[in-house]
Amino acid sequence: MRTQTFHLELITPCFCGGAEPDKQAEIRAPSIRGQLRWWFRTLGGFKSLQEKMSVRDQEAMIFGSAAGDQGCGGHLLVRVIPGRIVSGVKDGQELGHKLFSTSAYLTFPVQSREKNGQKTNYAGRGVLLSCSFALVVQWRGELSLWPDVESLVSVFGNLGALGFRERRAMGALAFTGSSGDVPSLSAALETFSGSRHLSIRQLEATGDKDAISNLGSWLRQWRAHGRTQDHAANRGDTSKPPFNAGFRFAKRDHDIGYGVAEARTKSAFRPALGLPIIQRTQTQPNCWDWEWDEEKRKSKGRFASPVLLRPHRDAEGQWHALVIFVDAHKWPNDPATGQPKQVFLNGRPRAVSLDLYEAMKSDPRLRPFP
């Protein structure tokens, strides 16, 4: 058996709740265990075991499984020892993410409105403004696999995040100096069979707030359709073409949702970056879903974005604004046709294109990382 303690801290605000999420935020061991499991599966399991065991069997051995007639316990245990904590109950505006700012673009689900002096829509939730904690990892399996387990923890500490909006720059983590000799991210990724399906790019950043703002600005330029923003460089001169990188993609999706005749038979781009989408018109909200259940008239689930936005602080204290493309979780193909699966707009099928996803990956503003 091997036990080791890793020291981590939150480097961006974390919306995470426990028993009373609207009153108290807390770091919980099951959340970290879930993140470790997600990264293990996403990266295709350990190379050292790929000839002996399938990824599914590896996962059951490491984390345990309840499948079949008899479950089995895992060999990996984690425990959290809280350290310095600064918490409160806040919404996005109280964090300084003013409405319509680039930061607010990433935290819009936690933005409140005020009417007659009272907050509406969102009243705030428990948020950890800063937090350090010790992560105690205990491995009860073969000691020869301990370096692989260390690599998994390294990936989590470098690329993982916790809480609500963790895919959109919130709840980012970093190791502290007291963690000792943690494997570097590049070395850790080499431990996994499917690391080639992970593309990590970066924007410039000088600190946590700068990283959040730059990531929000980058995403908004790919997603925004609003004319004012598109023509900001021309001081509102709408006779000139739009400058947002994703304008043509966003316009197509907007037109499809609003029933514009020229767009009705064309492919949508936005569903490949996450679902569900609720697009409001003057008459009713249009809902984009996938895995549609015709009998129940509702979606079987949601599709999580394969694009992760992650502020990152390296071992030298340098900041990076990471854009992580997770090909293992990109919009799937239909096995019958080999083409992207359809999306459903108010229950009616529409074609989906991955052109927006691929264009984002090829953005020349993104530099390789590390």
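This is a predicted model: local features need pLDDT of at least 70, side-chain atom pairs count only at pLDDT 80 or more; totals for chains, interfaces and linings use all residues.

Reader: Why are helix 1 and helix 4 called roughly perpendicular to each other?

Author: The axes of helix 1 (residues 29-42) and helix 4 (residues 146-159) cross at roughly 105 degrees and come within 10 Å. Angles of 65 to 115 degrees count as roughly perpendicular, and the two helices are therefore described in that way. Helix 1 contributes Ile32, Gln35, Leu36, Trp39 and Phe40 to the contact, and helix 4 contributes Leu152, Val153, Val155, Phe156 and Leu159. By class, nine of these residues are nonpolar, one is polar and none is charged.

Reader: What makes valine 182 count as buried?

Author: The relative accessible area of valine 182 is 16%. Buried means under 20%, so valine 182 is buried. Valine 182 lies in the loop between strand 9 (173-175) and helix 5 (185-189). Leaving aside neighbours within four places in sequence, valine 182 is in contact with Phe6, Ser154 and Phe175. The C-alpha atoms of valine 182 and phenylalanine 6 are 8.3 Å apart, although 176 residues separate them along the chain.

Reader: How do you know that cysteine 131 is in no disulfide?

Author: A disulfide requires cysteine sulfur atoms within 2.5 Å. For cysteine 131, the nearest cysteine sulfur is that of cysteine 16, at 7.6 Å. A search of the whole structure finds zero disulfides.

Reader: Which term, buried or partly exposed, applies to cysteine 131, and which to cysteine 287?

Author: Cysteine 131 has 1% relative accessibility and so counts as buried. Cysteine 287, at 27%, counts as partly exposed, since that term covers values between 20% and 50%.

Reader: Why is the pair of tryptophan 38 and tryptophan 39 called edge-to-face?

Author: The structure holds twelve aromatic pairs. In this one, the ring centres are 4.9 Å apart and the planes stand at 90 degrees. Centres within 6.5 Å make a pair, and planes over 60 degrees apart count as edge-to-face, so the term applies to these two rings. Tryptophan 38 counts as partly exposed at 24% relative accessibility, whereas tryptophan 39 counts as buried at 1%.

Reader: What makes the pair of phenylalanine 40 and phenylalanine 63 edge-to-face?

Author: The angle between their planes is 65 degrees, with 5.9 Å from centre to centre; the angle is to be set against the cut-off of over 60 degrees. The pair links helix 1 with helix 2 (residues 55-63), its members being 23 residues apart. Phenylalanine 40 is buried at 0%, and phenylalanine 63 is buried at 4%. Ring pairs link Phe40 and Phe63 with Phe46 and Phe192 into a cluster.

Note on methods. Residues are numbered from 1 along each chain as its sequence is written. Side-chain values use heavy atoms; hydrogens and water are left out. Axes are lines fitted to C-alpha atoms, for helices over the stretch in contact, and angles run from 0 to 180 degrees between N-to-C directions. Helices (H or I, at least four residues) and strands (E, at least two) are DSSP runs, numbered from the N terminus. Angles under 35 degrees count as roughly parallel, over 145 as roughly antiparallel, 65 to 115 as roughly perpendicular and the rest as oblique. Contact means heavy atoms within 4.5 Å. Ala, Val, Leu, Ile, Met, Phe, Trp, Tyr, Cys and Pro count as nonpolar, Asp, Glu, Lys and Arg as charged, and the others, Gly among them, as polar. Buried means under 20% relative accessible area, exposed over 50%, partly exposed in between (1.4 Å probe, protein chains only). Rings of Phe, Tyr and Trp (its six-membered ring) pair if their centres lie within 6.5 Å; planes under 30 degrees apart count as stacked, over 60 as edge-to-face and the rest as tilted.
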